[in-house]
Amino acid sequence: MPEKNQAALDFLLTRRSRPAKTLTTPVPSREELVPILTAGARTPDHGKLEPWRFIVLERGALERLAGEVMARGAARGEAPDRIEKVYRQFADSHLTVAVVSAPKPSEKVPEIEQVYSAGAVCLSLLNAALAAGWGANWLSGWACHDPEFLAVALGISADESVAGFIHIGTETVAPPERPRPDIDTITTWVSA
Ligand SMILES: Cc1cc2nc3c(=O)[nH]c(=O)nc-3n(C[C@H](O)[C@H](O)[C@H](O)COP(=O)(O)O)c2cc1C
């Protein structure tokens, strides 16, 4: 019989994000964040290319980004409510990790597999933060997909992108559980 890790299974069967707008201080210290980043980077990676990296955004950087969202949102012609939403994402956060997808040239590993790996890093990082007792949330928003914003605000190069912003903090309210997929509906069993 395989040896079961019941605590890990229980965590995976009950884990859920905590909405970023409900997170507050304290946030993990640098020392506390390192094992969370380490777990995030412990992720399947075809060819061991490490096609991702982290940018840890602390309070001062998040305030700067919020200001840059206002300027870039206006330049893009975004509606005020869409600017405000992304502004709040950074202005209200005290710690955010940008997971950068940075595909490497490879004859063996298609770029899409490297991007999938960056998405897997996001979930691993999110789960590690939750498992460490923090509230955490994976968000994107228009700024996440705006190469000009990313270049100016974060120094992201043209061949990189942001797979997600993982906001981490202390939860203030437990969100209600949301409906989960029906496994029978999404699963096909093939036996021959
Ligand atoms: C790539 C990606 C981007 C997302 N971006 C947003 C976003 O910008 N705004 C939002 O409200 N939710 C966004 N979500 C959804 C949140 O992460 C949401 O909290 C999550 O689906 C809750 O799932 P969980 O409870 O299973 O962790 C995104 C999810 C993914 C996978």
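**View A. Packing of helix H4.** H4 itself comprises twelve residues (80-91) and spans 15 Å between its first and last C-alpha, close to the 16 Å expected at 1.5 Å a residue. Helices (H or I, at least four residues) and strands (E, at least two) are DSSP runs numbered from the N terminus.

The model is predicted: local features need pLDDT of at least 70, side-chain atom pairs pLDDT 80 or more, and totals for chains, interfaces and linings use all residues. Residues are numbered from 1 along each chain as its sequence is written, and side-chain values use heavy atoms, without hydrogens and water.

View B. The residues around the ligand (a heavy atom within 4 Å) include Arg15, Arg16, Trp138, Leu139 and Arg180. Oxygen atoms of the ligand lie 2.4 Å from a side-chain N or O atom of serine 17 and 2.8 Å from one of asparagine 137. For arginine 178, a polar side-chain atom is 2.9 Å from a ligand oxygen. The protein covers 59% of the 640 Å² of accessible area that the ligand has on its own (Shrake-Rupley method, 1.4 Å probe).

**View C. Glutamate 78 in the loop between H3 and H4.** Glutamate 78 counts as buried because its relative accessibility is 14%. Beyond neighbours within four places in sequence, glutamate 78 is in contact (heavy atoms within 4.5 Å) with Gly73, Ile83 and Trp142.

Note on methods: The expected span of a helix is 1.5 Å times one less than its number of residues. A polar contact is a pair of N or O atoms within 3.5 Å; within protein, one must be able to donate a hydrogen and the other to accept it, and residues adjacent in sequence count only if both atoms are side-chain atoms. Buried means under 20% relative accessible area, exposed over 50%, partly exposed in between (1.4 Å probe, protein chains only).
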